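Subject: Handover of a structure

Dear colleague,

Please find below the structure that I am passing on to you. My findings follow it.

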Amino acid sequence: MTATSTATSTAGPTTDAARLAAPARRARTAPLPRPVGLPTPRGPVSAAVVDVLASGSTTPADARRTTAAELERRALGADEVLRDEDLQLALWTLQELSFRGFGGAGDRFEWDLELVGARQLLEGALEAALRQVVDVPTGVAPSEVPEVLFAMTADDGAPGMSDHLARRGTLEQFRELVVHRSIYHLKEADPHTWAIPRLEGSVKAAMVEIQADEYGGGRPERMHAALFARTMRALGLDDTYGLYVDEVPATTLVGSTAMALFGLNRRLVGAVVGHLAAIEMTSSLPSRRYGAGMRRLGLDRDATWFYDEHVEADAVHEQIAAHDLAGGFARQHPDRTSEVLLGAAAGLALDELVGGHLRSSWEAGRSSLLGGRAVDDLLAAAAA
Ligand SMILES: [Fe+2]
Ligand SMILES: [Fe+2]
């Protein structure tokens, strides 16, 4: 990752209290989107993709051929596809061309047929893997969708990661969580917004009602992505969009690549609806726990605002999402009910995948970041 950082160094202090007393980073209430730097490749496929976008020696056709050849050669099982560092980073990079891009000459490749072809190969592998590993309820009538979604989301992870963080989480663990979550939360709502022109009537209205809140209701400083950036700064992290992509493993990236898969492909609009519903229905209680854990550590409103906002907003959003959005879509399109449930189930499964990674890393006494890198080393390197 080539973007520069201005994060506050915490290399000196050794206690949580001392770190929290470190000088605050610059105050910015509504950061404007800035291009992310190209990520560091993790294998031949991501290397070929990044090289094209860096205007290197690889052509788009080379990147597509490499993608096809590697997928055939590796013949990965479904679980391996979800955890493959090279494939998930390559797909994240290709999809990012349709979000903020990378700010260089490579942005002209968004609609390059060869790179779109490479993206479709990777998205095909991801979709097949999700359909294989995700447990989707069957035989559900459209009228039953809200009830089934509430049942699917009844276990919001407790006693899982949020419960651990509320009771015993350390500042380092909160920082790691926020680094992982930054891949999505700094573009929160964007992957689902792709669905809006593809929806109709009351379902479109329900999606817009939720998304309007996610985007701050006309106040840029209240955009959830902006509130998350505030949390990052309060924790001494750099809020540059996409900066930490090199620090997170495939198990984190796949949450974003699946969201973008659903968002970018109109045939999967029902999965976007289900995915957003699952997010809204599982956010309120964990957000309350994250806020409580941060306050236990002495962090202030700058750190907790994002989570406090979700305690309130998502208690409302979950009703709209279950009944008007997901239930409404299934009533409009009875034959696509299973697609809604696929999106929800995939979102829940991938959230559990990253949650399991964080918990197992911490239980083993190591960092959850890629390569076991300590978050303090990351901050120190950024400040150097
Ligand atoms: Fe939100
Ligand atoms: Fe929400």
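The secondary structure of the protein chain in this predicted model consists of 18 helices and zero strands. The chain has 384 residues, of which 49% are buried. Where contacts join residues at least 6 apart in sequence, 81% of them link residues at least 24 apart.

As to confidence, the protein chain has a mean pLDDT of 90, and 90% of its residues reach 70 or more. Residues 1–34 are a separate matter: pLDDT stays under 50 over this stretch. Where pLDDT is low, predicted coordinates should not be read in detail.

Helix α5 covers residues 85–96 and helix α6 covers residues 113–133. Their axes lie 10 Å apart, and the two helices pack at an angle of about 130°. Angles over 145 degrees would count as roughly antiparallel and those from 65 to 115 as roughly perpendicular, so α5 and α6 are oblique to each other. The crossing of α5 and α6 is left-handed.

Which residues of α5 and α6 meet? From α5 these are Leu87, Ala90, Leu91, Leu94 and Gln95, and from α6 they are Leu115, Ala118, Arg119, Leu122, Glu123, Ala125 and Leu126. Sorted by class, the contact of α5 with α6 comprises nine nonpolar residues, one polar residue and two charged residues.

Yours sincerely

Conventions: Residues numbered from 1 in each chain as written. Chains lettered and ligands numbered in written order. Predicted model: local features only at pLDDT ≥ 70, side-chain atom pairs only at ≥ 80, totals over all residues. Axes fitted to C-alpha atoms, helices over the stretch in contact; angles between N-to-C directions. Helix = DSSP H or I, 4+ residues; strand = E, 2+ residues; numbered from the N terminus. Parallel < 35°, antiparallel > 145°, perpendicular 65-115°, else oblique. Left-handed = near helix turned anticlockwise from the far one by under 90°. Contact = placed C-beta atoms within 7 Å. Nonpolar A, V, L, I, M, F, W, Y, C, P; charged D, E, K, R; others polar. Buried ≥ 20, exposed ≤ 12 C-beta atoms within 10 Å, placed from the backbone. pLDDT = per-residue confidence, 0-100.
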